[in-house]
Amino acid sequence: MEPLVLIPGTLCTSALWEHQYRAFSADREVIIPDITRDASVKEMAERILNSVSGSFSLAGLSLGGIVAMEVMKEAPERVNKLSLLDTNPYPPTKEQIELWNNQQKQVRAGGFEQMVSEQFLPSAVFQEHAGEDVKAVIRQMSRDVGEEGYFRQLEANKTRPGAVDALSAVNCPSLVLAGRQDALCGPSMQEDLAKKIPGAALVLIDQCGHLSPLDQPEAVTAVLSYWLQEN
């Protein structure tokens with residue numbers, strides 16, 4: 001059975017995919033790349049392609065989804081199935097770049113933990129049911145990524161090229177999956193994204209925010225399991 005590559009998002013580590021890793025690693029190799037080491041989406045995609053042999057199924061969330069779309073540009077023949085979770089196919093807006101620049105200034109001034117708690121956490125999960133255990137995982141992932149890893153991820157986001165023009169060429173079984181309450185990459189964006197990929201399925205999960213594999217792990221695993229079984 002071919003490997004499954006699960007790419008985490010900004011300020012996330014393999015802990016984002018813990019439930020999915022446990023579910024799928026029994027019968028296939030599950031690879032969770034580190035996307036904290038490069039400062040461009042292209043470099044992140046190339047590192048993944050150089051570290052994984054042969055063909056594989058590919059899923060990515062948020063920045064990880066952006067990297068997954070870049071992988072599809074670079075080597076579409078190597079991806080047999082594609083799943084994009086809570087992600088954005090467009091180049092960054094001026095407002096986003098300004099926000100990230102301000103976050104970098106705050107972090108450089110010693111406000112990393114404050115930024116995570118006040119800006120990242122509230123938009124990461126569906127707050128009405130987010131328990132302290134989930135919030136603790138998010139805080140620990142942020143610490144593990146660290147300030148320098150976060151800065152590289154922000155630079156990659158600020159310079160991302162967008163993937164809209166390439167999506168019409170995707171010809172493998174594809175899934176767009178997201179939390180219906182995602183405050184960063186909302187349902188309308190996910191609907192537009194799914195329409196741009198020929199034959200793509202769209203699944204929106206209720207009571208679920210941006211970090212859907214962590215917010216609603218059982219539901220996300222169930223949907224990904226169905227996707228992996230597609231021919």
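**Notebook: a predicted model, from the whole to one strand**

I began with burial, and of the 231 residues of the protein, 55% count as buried (buried is under 20% relative accessible area, exposed is over 50%, and partly exposed lies in between, with a 1.4 Å probe and protein chains only). I noted that this is a predicted model, in which local features need pLDDT of at least 70 and side-chain atom pairs count only at pLDDT 80 or more, while totals for chains, interfaces and linings use all residues. I also noted that residues are numbered from 1 along each chain as its sequence is written, and that side-chain values use heavy atoms, with hydrogens and water left out.

**Overall form**

I looked up the extent of the protein next, and its C-alpha trace spans about 50 × 35 × 30 Å along the principal axes. The radius of gyration is 16 Å, which agrees with the value near 17 Å that a compact globule of 231 residues would have (it is taken over C-alpha atoms, and the globule rule is 2.2 Å times the number of residues to the power 0.38). Among contacts between residues at least 6 apart in sequence, I found that 77% join residues at least 24 apart, where contact means heavy atoms within 4.5 Å.

**Strand 3**

I counted 10 helices and 6 strands in the protein (these are DSSP runs numbered from the N terminus, with helices being H or I of at least four residues and strands being E of at least two). I then turned to strand 3, residues 56–61, where 6 of the 6 residues are buried, so the strand is largely enclosed by the rest of the structure. In a regular strand the side chains alternate between the two faces of the sheet. Here Phe 56, Leu 58 and Gly 60 are buried on one side, and Ser 57, Ala 59 and Leu 61 are buried on the other.

Which strands does strand 3 join? Strand 1, residues 4–7, runs parallel to strand 3 and is joined to it by 4 bridges, and Leu 4 has Ser 57 as its bridge partner. Strand 4, residues 79–85, also runs parallel to strand 3, with 6 bridges between them (two strands pair if DSSP finds at least two bridges between them). The bridge partner of Ala 59 in strand 4 is Ser 83. From strand 3 the chain passes through helix 3, residues 63–74, to strand 4 in a right-handed β-α-β crossover, meaning that, with the strands pointing away from the viewer, the path from the first strand over the helix to the second runs clockwise.

**Glu 218**

Last, I checked Glu 218, which lies in helix 10, residues 217–229, and which counts as exposed because its relative accessibility is 51%.
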